[in-house]
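Biologist: Please take a close look at one part of this model for me. I would like the salt bridges, with their partners and surroundings.

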Amino acid sequence: MPPLSARSSRPSSSPSASGVGRRVFLSSLAGAAAAASLSGCAGAGAAEARSGADLSAPLADKVPRGTRLSIASYQGAQQLQLKLAGLAGLPFTVSDWVNIGAGPDVINAFRAKSLDVSNNAGIPPIQAHFQGFDAKIVAIDITRKPNYLFATKPGSDIRDVAGFKGRKLAFSQGQAQGVVLLRALKRAGLAYDDVKLVPLTSNQFLTALQAGQVDVAPLANSQAPAYLKQYGSKGARTIATDVVDLLNLLWAPASVLADRAKAAAVAAYIPRWAKGQVWAYEHPDTWNEEFYVKTQNLTLDQARSITALANKPLFPPSWDEAVKWEQETADLLAEGGFVKEFKVDSLFDRRFEAIAARAVPAEYRR
(Lines give C-alpha, C1' and ligand atoms only; values in the text may rest on other atoms or scores of the structure.)
Protein backbone atom coordinates (compact mmCIF):
# COMPACT_ATOMS: atom_id res chain seq x y z
CA MET A 1 0.00 0.00 0.00
CA PRO A 2 0.96 3.65 -0.12
CA PRO A 3 2.85 4.13 3.05
CA LEU A 4 -0.33 3.21 4.56
CA SER A 5 -2.41 6.08 5.90
CA ALA A 6 -1.00 8.49 3.35
CA ARG A 7 -1.27 6.25 0.27
CA SER A 8 2.14 7.04 -1.08
CA SER A 9 3.75 5.65 -4.23
CA ARG A 10 5.45 2.32 -4.65
CA PRO A 11 8.85 3.04 -6.09
CA SER A 12 10.28 0.19 -8.11
CA SER A 13 13.83 -1.04 -8.18
CA SER A 14 13.64 -2.46 -11.68
CA PRO A 15 12.03 -1.35 -14.95
CA SER A 16 8.78 -2.96 -16.00
CA ALA A 17 8.81 -5.00 -19.18
CA SER A 18 5.02 -4.82 -19.18
CA GLY A 19 4.99 -1.14 -20.05
CA VAL A 20 6.54 -1.52 -23.47
CA GLY A 21 5.62 -2.69 -26.91
CA ARG A 22 2.65 -0.35 -27.08
CA ARG A 23 2.23 2.23 -29.77
CA VAL A 24 3.50 5.18 -27.74
CA PHE A 25 6.81 3.47 -27.07
CA LEU A 26 7.72 2.34 -30.58
CA SER A 27 10.22 5.13 -30.95
CA SER A 28 12.22 3.77 -28.02
CA LEU A 29 14.81 1.09 -28.72
CA ALA A 30 14.75 0.12 -25.09
CA GLY A 31 11.00 -0.25 -25.30
CA ALA A 32 11.30 -2.43 -28.36
CA ALA A 33 13.78 -4.70 -26.64
CA ALA A 34 11.61 -4.98 -23.56
CA ALA A 35 8.60 -5.80 -25.71
CA ALA A 36 10.36 -8.96 -26.80
CA SER A 37 10.92 -9.81 -23.15
CA LEU A 38 7.26 -9.21 -22.38
CA SER A 39 6.19 -11.53 -25.16
CA GLY A 40 8.06 -14.42 -23.61
CA CYS A 41 6.90 -13.49 -20.13
CA ALA A 42 3.27 -13.34 -21.21
CA GLY A 43 3.58 -16.74 -22.85
CA ALA A 44 4.80 -18.31 -19.65
CA GLY A 45 2.19 -16.45 -17.63
CA ALA A 46 -0.61 -17.64 -19.89
CA ALA A 47 0.21 -21.19 -18.89
CA GLU A 48 -0.05 -20.17 -15.24
CA ALA A 49 -3.40 -18.49 -15.88
CA ARG A 50 -4.67 -21.73 -17.46
CA SER A 51 -3.57 -23.80 -14.48
CA GLY A 52 -7.17 -24.27 -13.39
CA ALA A 53 -6.85 -23.16 -9.78
CA ASP A 54 -10.10 -24.03 -8.02
CA LEU A 55 -11.36 -21.00 -6.09
CA SER A 56 -14.88 -22.30 -5.53
CA ALA A 57 -14.27 -23.90 -2.13
CA PRO A 58 -15.63 -21.96 0.85
CA LEU A 59 -13.08 -20.33 3.12
CA ALA A 60 -12.03 -22.33 6.17
CA ASP A 61 -13.16 -20.99 9.55
CA LYS A 62 -9.74 -21.47 11.15
CA VAL A 63 -6.19 -21.22 9.90
CA PRO A 64 -4.52 -24.65 10.05
CA ARG A 65 -1.51 -24.94 12.32
CA GLY A 66 1.79 -24.38 10.51
CA THR A 67 0.39 -22.11 7.78
CA ARG A 68 2.83 -19.51 6.50
CA LEU A 69 2.42 -16.39 4.35
CA SER A 70 4.94 -13.97 2.89
CA ILE A 71 3.47 -10.46 2.95
CA ALA A 72 4.56 -7.26 1.22
CA SER A 73 5.63 -4.49 3.60
CA TYR A 74 7.17 -1.65 1.65
CA GLN A 75 9.74 0.25 3.73
CA GLY A 76 8.66 -1.84 6.72
CA ALA A 77 5.43 0.12 6.99
CA GLN A 78 2.98 -2.76 7.25
CA GLN A 79 4.52 -4.63 10.17
CA LEU A 80 5.22 -1.35 11.96
CA GLN A 81 1.58 -0.37 11.62
CA LEU A 82 0.36 -3.70 12.98
CA LYS A 83 2.82 -3.45 15.87
CA LEU A 84 1.78 0.08 16.82
CA ALA A 85 -1.92 -0.79 16.51
CA GLY A 86 -1.57 -3.89 18.70
CA LEU A 87 -2.52 -6.18 15.82
CA ALA A 88 0.67 -8.21 15.49
CA GLY A 89 -0.81 -11.41 16.94
CA LEU A 90 -1.53 -13.23 13.67
CA PRO A 91 -2.96 -16.78 13.64
CA PHE A 92 -0.31 -17.88 11.13
CA THR A 93 3.42 -17.43 10.64
CA VAL A 94 4.70 -14.58 8.49
CA SER A 95 7.59 -16.26 6.70
CA ASP A 96 8.82 -12.93 5.40
CA TRP A 97 7.82 -9.28 5.39
CA VAL A 98 8.98 -8.45 1.87
CA ASN A 99 10.20 -4.89 1.26
CA ILE A 100 8.43 -4.52 -2.06
CA GLY A 101 5.73 -2.22 -3.34
CA ALA A 102 5.78 -1.35 -7.07
CA GLY A 103 3.27 -3.32 -9.12
CA PRO A 104 5.78 -4.68 -11.67
CA ASP A 105 8.05 -5.90 -8.89
CA VAL A 106 5.13 -7.47 -7.04
CA ILE A 107 4.08 -9.39 -10.16
CA ASN A 108 7.64 -10.70 -10.54
CA ALA A 109 7.67 -11.76 -6.88
CA PHE A 110 4.32 -13.51 -7.31
CA ARG A 111 5.74 -15.40 -10.29
CA ALA A 112 8.81 -16.40 -8.30
CA LYS A 113 6.55 -17.64 -5.47
CA SER A 114 8.44 -15.42 -3.03
CA LEU A 115 5.36 -13.35 -2.16
CA ASP A 116 1.84 -14.48 -1.21
CA VAL A 117 -0.11 -11.26 -0.68
CA SER A 118 0.51 -7.61 -1.49
CA ASN A 119 -1.02 -4.18 -1.11
CA ASN A 120 -1.29 -2.19 -4.36
CA ALA A 121 -3.52 0.06 -6.40
CA GLY A 122 -5.98 -1.03 -9.07
CA ILE A 123 -3.70 -1.12 -12.10
CA PRO A 124 -1.22 -3.92 -11.17
CA PRO A 125 -3.93 -6.64 -11.27
CA ILE A 126 -4.88 -5.43 -14.76
CA GLN A 127 -1.25 -5.56 -15.79
CA ALA A 128 -0.84 -9.07 -14.36
CA HIS A 129 -3.86 -10.24 -16.35
CA PHE A 130 -2.41 -8.70 -19.51
CA GLN A 131 0.80 -10.67 -18.88
CA GLY A 132 -1.21 -13.86 -18.41
CA PHE A 133 -0.62 -14.21 -14.67
CA ASP A 134 -3.61 -15.33 -12.61
CA ALA A 135 -4.05 -13.28 -9.42
CA LYS A 136 -7.12 -12.09 -7.55
CA ILE A 137 -8.20 -9.09 -5.50
CA VAL A 138 -9.22 -10.07 -1.96
CA ALA A 139 -9.80 -6.75 -0.15
CA ILE A 140 -10.80 -3.23 -1.18
CA ASP A 141 -10.26 0.19 0.40
CA ILE A 142 -11.91 3.04 -1.49
CA THR A 143 -9.91 6.24 -1.99
CA ARG A 144 -11.96 9.43 -2.34
CA LYS A 145 -9.22 12.06 -2.42
CA PRO A 146 -6.26 12.27 -4.84
CA ASN A 147 -3.11 10.45 -3.74
CA TYR A 148 -1.04 11.96 -6.52
CA LEU A 149 -0.27 15.33 -8.04
CA PHE A 150 1.89 16.39 -10.95
CA ALA A 151 5.33 17.93 -10.51
CA THR A 152 7.12 19.98 -13.15
CA LYS A 153 10.82 20.09 -13.82
CA PRO A 154 12.73 23.10 -12.48
CA GLY A 155 12.18 26.23 -14.55
CA SER A 156 9.01 24.94 -16.21
CA ASP A 157 6.25 27.29 -17.36
CA ILE A 158 3.54 24.60 -17.11
CA ARG A 159 0.75 25.58 -14.74
CA ASP A 160 -2.14 23.22 -15.51
CA VAL A 161 -2.90 19.93 -17.23
CA ALA A 162 -3.84 21.71 -20.45
CA GLY A 163 -0.21 22.84 -20.55
CA PHE A 164 0.92 19.21 -20.88
CA LYS A 165 0.24 19.38 -24.64
CA GLY A 166 3.41 18.73 -26.60
CA ARG A 167 5.42 18.01 -23.44
CA LYS A 168 7.33 14.95 -22.25
CA LEU A 169 5.44 13.17 -19.48
CA ALA A 170 6.81 10.41 -17.25
CA PHE A 171 4.57 7.38 -17.68
CA SER A 172 4.54 4.03 -15.88
CA GLN A 173 2.02 1.71 -17.49
CA GLY A 174 2.05 -0.87 -14.72
CA GLN A 175 1.64 1.47 -11.75
CA ALA A 176 -1.04 3.71 -10.28
CA GLN A 177 0.77 6.84 -11.45
CA GLY A 178 0.21 5.76 -15.06
CA VAL A 179 -3.55 5.53 -14.87
CA VAL A 180 -3.75 8.80 -12.93
CA LEU A 181 -1.91 10.48 -15.80
CA LEU A 182 -4.14 8.90 -18.44
CA ARG A 183 -7.30 9.92 -16.60
CA ALA A 184 -6.00 13.48 -16.18
CA LEU A 185 -5.23 13.72 -19.91
CA LYS A 186 -8.67 12.43 -20.83
CA ARG A 187 -10.37 14.88 -18.48
CA ALA A 188 -8.37 17.74 -20.05
CA GLY A 189 -9.40 16.65 -23.56
CA LEU A 190 -5.86 15.65 -24.56
CA ALA A 191 -5.24 12.62 -26.77
CA TYR A 192 -2.23 10.38 -26.34
CA ASP A 193 -0.79 11.81 -29.55
CA ASP A 194 -0.96 15.31 -28.05
CA VAL A 195 1.81 14.46 -25.57
CA LYS A 196 5.03 12.46 -25.43
CA LEU A 197 4.77 9.59 -22.97
CA VAL A 198 8.21 8.63 -21.67
CA PRO A 199 8.30 5.04 -20.33
CA LEU A 200 9.77 5.01 -16.83
CA THR A 201 9.08 3.36 -13.50
CA SER A 202 8.11 5.50 -10.54
CA ASN A 203 11.51 5.27 -8.85
CA GLN A 204 12.97 7.02 -11.92
CA PHE A 205 10.54 9.96 -11.91
CA LEU A 206 12.43 12.25 -9.54
CA THR A 207 15.74 11.76 -11.31
CA ALA A 208 14.10 12.39 -14.68
CA LEU A 209 12.54 15.62 -13.38
CA GLN A 210 15.75 16.83 -11.83
CA ALA A 211 17.69 16.17 -15.03
CA GLY A 212 15.04 17.78 -17.25
CA GLN A 213 14.50 14.51 -19.13
CA VAL A 214 10.74 14.94 -18.64
CA ASP A 215 8.64 18.04 -18.21
CA VAL A 216 6.12 16.50 -15.83
CA ALA A 217 5.86 13.46 -13.61
CA PRO A 218 3.10 12.25 -11.26
CA LEU A 219 4.31 12.12 -7.67
CA ALA A 220 2.69 10.77 -4.54
CA ASN A 221 1.51 13.40 -2.09
CA SER A 222 4.20 12.13 0.27
CA GLN A 223 6.96 12.90 -2.23
CA ALA A 224 5.95 16.47 -3.06
CA PRO A 225 7.15 18.30 0.09
CA ALA A 226 10.74 17.14 -0.23
CA TYR A 227 10.81 17.81 -3.97
CA LEU A 228 9.50 21.35 -3.61
CA LYS A 229 11.86 22.04 -0.73
CA GLN A 230 14.79 21.22 -2.99
CA TYR A 231 13.60 22.59 -6.33
CA GLY A 232 10.77 25.02 -5.62
CA SER A 233 13.22 27.93 -5.52
CA LYS A 234 14.44 26.84 -8.97
CA GLY A 235 11.04 27.10 -10.57
CA ALA A 236 9.61 23.61 -9.99
CA ARG A 237 5.97 23.51 -9.00
CA THR A 238 3.16 21.04 -8.41
CA ILE A 239 -0.17 20.85 -10.19
CA ALA A 240 -3.07 19.37 -8.25
CA THR A 241 -6.08 17.74 -9.90
CA ASP A 242 -9.18 15.99 -8.62
CA VAL A 243 -8.26 12.73 -10.35
CA VAL A 244 -8.33 9.88 -7.87
CA ASP A 245 -6.82 6.43 -7.91
CA LEU A 246 -9.92 4.84 -6.42
CA LEU A 247 -8.65 1.45 -5.32
CA ASN A 248 -6.24 0.54 -2.56
CA LEU A 249 -6.35 -3.25 -2.44
CA LEU A 250 -4.92 -6.53 -1.31
CA TRP A 251 -4.35 -9.23 -3.91
CA ALA A 252 -2.77 -12.65 -4.15
CA PRO A 253 -1.88 -15.27 -6.77
CA ALA A 254 -4.69 -17.67 -7.61
CA SER A 255 -2.38 -20.54 -6.67
CA VAL A 256 -2.14 -19.13 -3.13
CA LEU A 257 -5.91 -18.72 -2.86
CA ALA A 258 -6.47 -22.27 -4.15
CA ASP A 259 -4.49 -23.54 -1.15
CA ARG A 260 -7.17 -23.86 1.54
CA ALA A 261 -4.77 -23.16 4.42
CA LYS A 262 -3.21 -20.11 2.79
CA ALA A 263 -6.63 -18.78 1.75
CA ALA A 264 -7.73 -19.02 5.39
CA ALA A 265 -4.60 -17.13 6.44
CA VAL A 266 -5.32 -14.40 3.88
CA ALA A 267 -8.87 -14.14 5.23
CA ALA A 268 -7.45 -13.79 8.76
CA TYR A 269 -4.98 -11.11 7.64
CA ILE A 270 -7.56 -8.88 5.94
CA PRO A 271 -9.27 -7.66 9.16
CA ARG A 272 -5.91 -6.70 10.64
CA TRP A 273 -4.97 -4.87 7.43
CA ALA A 274 -8.22 -2.92 7.58
CA LYS A 275 -8.00 -2.18 11.32
CA GLY A 276 -4.38 -1.09 10.92
CA GLN A 277 -5.36 1.55 8.38
CA VAL A 278 -8.11 2.82 10.63
CA TRP A 279 -5.62 3.03 13.49
CA ALA A 280 -3.13 5.05 11.40
CA TYR A 281 -5.88 7.41 10.29
CA GLU A 282 -7.03 7.95 13.86
CA HIS A 283 -3.48 8.36 15.27
CA PRO A 284 -1.68 10.63 12.79
CA ASP A 285 0.67 12.13 15.40
CA THR A 286 2.03 8.73 16.40
CA TRP A 287 2.26 7.56 12.80
CA ASN A 288 4.05 10.74 11.75
CA GLU A 289 6.68 10.30 14.45
CA GLU A 290 7.15 6.53 14.31
CA PHE A 291 7.07 6.07 10.53
CA TYR A 292 7.78 9.27 8.62
CA VAL A 293 10.22 10.87 11.05
CA LYS A 294 11.99 7.82 12.48
CA THR A 295 12.11 5.59 9.40
CA GLN A 296 11.77 7.97 6.43
CA ASN A 297 13.91 10.80 7.80
CA LEU A 298 11.28 13.46 7.13
CA THR A 299 10.77 16.46 9.36
CA LEU A 300 7.69 16.53 11.53
CA ASP A 301 6.28 19.39 9.44
CA GLN A 302 6.77 17.35 6.25
CA ALA A 303 5.10 14.36 7.87
CA ARG A 304 2.15 16.49 8.95
CA SER A 305 1.74 17.85 5.43
CA ILE A 306 1.45 14.26 4.18
CA THR A 307 -1.05 12.97 6.73
CA ALA A 308 -3.12 16.14 6.31
CA LEU A 309 -3.91 14.79 2.83
CA ALA A 310 -4.55 11.24 3.99
CA ASN A 311 -7.69 9.49 2.84
CA LYS A 312 -10.17 8.21 5.36
CA PRO A 313 -10.15 4.41 4.97
CA LEU A 314 -13.41 3.13 3.47
CA PHE A 315 -14.07 -0.60 3.16
CA PRO A 316 -17.16 -1.30 1.03
CA PRO A 317 -19.36 -4.29 1.93
CA SER A 318 -20.09 -4.56 -1.81
CA TRP A 319 -17.39 -4.42 -4.46
CA ASP A 320 -19.69 -3.26 -7.26
CA GLU A 321 -18.23 0.27 -7.38
CA ALA A 322 -14.71 -1.12 -7.36
CA VAL A 323 -15.48 -3.50 -10.23
CA LYS A 324 -16.98 -0.65 -12.25
CA TRP A 325 -13.94 1.57 -11.67
CA GLU A 326 -11.54 -1.26 -12.50
CA GLN A 327 -13.42 -1.89 -15.76
CA GLU A 328 -13.19 1.79 -16.68
CA THR A 329 -9.46 1.69 -16.02
CA ALA A 330 -8.95 -1.43 -18.12
CA ASP A 331 -10.98 0.12 -20.94
CA LEU A 332 -8.92 3.31 -20.76
CA LEU A 333 -5.71 1.31 -21.06
CA ALA A 334 -7.16 -0.70 -23.93
CA GLU A 335 -8.12 2.49 -25.77
CA GLY A 336 -4.47 3.50 -25.76
CA GLY A 337 -3.33 0.09 -26.93
CA PHE A 338 -1.59 -0.70 -23.65
CA VAL A 339 -3.61 -3.86 -22.87
CA LYS A 340 -6.24 -5.97 -24.60
CA GLU A 341 -9.91 -5.55 -23.73
CA PHE A 342 -11.29 -7.93 -21.11
CA LYS A 343 -13.94 -8.16 -18.40
CA VAL A 344 -12.39 -7.40 -15.03
CA ASP A 345 -14.85 -9.48 -12.99
CA SER A 346 -12.32 -12.31 -13.18
CA LEU A 347 -9.88 -10.25 -11.10
CA PHE A 348 -12.05 -10.34 -7.96
CA ASP A 349 -12.39 -13.29 -5.57
CA ARG A 350 -15.80 -12.53 -4.09
CA ARG A 351 -15.38 -15.06 -1.29
CA PHE A 352 -13.48 -12.30 0.54
CA GLU A 353 -15.86 -9.46 -0.35
CA ALA A 354 -17.25 -8.38 3.02
CA ILE A 355 -14.41 -9.43 5.34
CA ALA A 356 -12.72 -6.02 5.59
CA ALA A 357 -15.98 -4.15 6.04
CA ARG A 358 -17.07 -6.43 8.89
CA ALA A 359 -13.81 -5.73 10.73
CA VAL A 360 -14.17 -1.96 11.08
CA PRO A 361 -16.67 0.46 12.69
CA ALA A 362 -19.67 1.53 10.62
CA GLU A 363 -18.20 4.93 9.75
CA TYR A 364 -15.46 3.17 7.78
CA ARG A 365 -17.85 1.03 5.72
CA ARG A 366 -18.83 2.61 2.41
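**Salt bridges up close**

Modeller: Asp320 and Arg350 form a salt bridge, with their closest N and O atoms 3.5 Å apart. The model is predicted. This pair links distant parts of the chain, 30 residues apart. Asp320 sits in helix H12 (residues 320-335). Arg350 lies in the loop between H12 and helix H13 (355-359).

Salt bridges with shared partners join Asp320, Arg350 and Glu353 into one network.

Next, Arg351 and Asp349. Their side chains meet in a salt bridge at 2.8 Å, N to O. Arg351 counts as partly exposed, at 23% relative accessibility. Asp349 counts as buried, because its relative accessibility is 5%, and buried means under 20%.

Another salt bridge joins Arg167 to Asp157, with 3.0 Å between the closest N and O atoms. Both residues lie in the loop between strand E5 (148-152) and strand E6 (168-171), 10 residues apart. Arg167 is partly exposed, with a relative accessible area of 24%. Asp157 counts as exposed, because its relative accessibility is 54%, and exposed means over 50%.

In general, side chains of opposite charge can pair when their charged atoms come close. Here the count comes to 12 salt bridges, including Asp320 with Arg350, Arg351 with Asp349 and Arg167 with Asp157.

Technical notes: Residues numbered from 1 in each chain as written. Predicted model: local features only at pLDDT ≥ 70, side-chain atom pairs only at ≥ 80, totals over all residues. Heavy atoms only, no water. Salt bridge = Lys/Arg side-chain N within 4 Å of Asp/Glu carboxyl O. Helix = DSSP H or I, 4+ residues; strand = E, 2+ residues; numbered from the N terminus. Buried < 20%, exposed > 50% of the residue type's maximum accessible area, 1.4 Å probe, protein only.
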